[in-house]
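Here is a short report on one protein model. It goes through the loop, the helices and the aromatic rings in turn.

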Amino acid sequence: MYKALENRHIMYNTQLDLIKELESRREIFVIRPSESLKISRLEKNPSVLEKTYNIGYAEASKNIKKLKEYLKK
């Protein structure tokens, strides 16, 4: 477990690089927030959680047409 925690940041960055590569090759469709999310991993405040949910919902709504086009391919 120690090694996993010690290398977590490396794995995370590697996964982000892979996502960027696959997205640039149009092998995946990525929906990401257009603004920085200010939320902790263990957030319990309902209003913060709802705000974050609404940001995600809005991004999905803005991208639904593009996603449908992508899925037709």
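## The loop residue Arg26

Arg26 sits in the loop between helix H2 and helix H3 (46-72). Helices here are DSSP runs (H or I, at least four residues), strands are E runs of at least two, and both are numbered from the N terminus. Arg26 is not a glycine, yet its phi is positive, about 60 degrees. Arg26 comes after H2. Its relative accessible area is 59%, so Arg26 is exposed. The classes are buried (under 20% relative accessible area), exposed (over 50%) and partly exposed (in between), with a 1.4 Å probe and protein chains only.

## Basis of the model

This is a predicted model: local features need pLDDT of at least 70, side-chain atom pairs count only at pLDDT 80 or more, and totals for chains, interfaces and linings use all residues. Residues are numbered from 1 along each chain as its sequence is written, and side-chain values use heavy atoms, with hydrogens and water left out.

## Helix H2

H2 covers residues 8-24, which is 17 residues. At 1.5 Å a residue, H2 should span 24 Å, and its end C-alpha atoms are 24 Å apart, so the two agree. The expected span is 1.5 Å times one less than the number of residues.

## Aromatic pairs

The whole structure holds two aromatic pairs. Rings of Phe, Tyr and Trp (its six-membered ring) pair if their centres lie within 6.5 Å; planes under 30 degrees apart are stacked, over 60 edge-to-face, and the rest tilted. The ring centres of Phe29 and Tyr70 are 5.6 Å apart and the planes meet at 45 degrees, so this pair is tilted. It links distant parts of the chain: Phe29 is in the loop between H2 and H3, Tyr70 is in helix H3, and 41 residues separate them. Phe29 is partly exposed, at 26% relative accessibility.

The rings of Tyr53 and Tyr57 also form a tilted pair, with centres 6.1 Å apart and planes at 35 degrees. These two tyrosines are four residues apart in helix H3, about one helical turn. Both Tyr53 and Tyr57 are exposed.

Is Asn63 buried or exposed? Asn63, in helix H3, is buried, with a relative accessible area of 15%. Setting aside neighbours within four places in sequence, Asn63 contacts Phe29 and Ile31. Contact means heavy atoms within 4.5 Å.

Lys66 is in helix H3 too. Lys66 counts as exposed, at 55% relative accessibility. From Lys66 to Arg8 is 58 residues in sequence and 33 Å in space, C-alpha to C-alpha.
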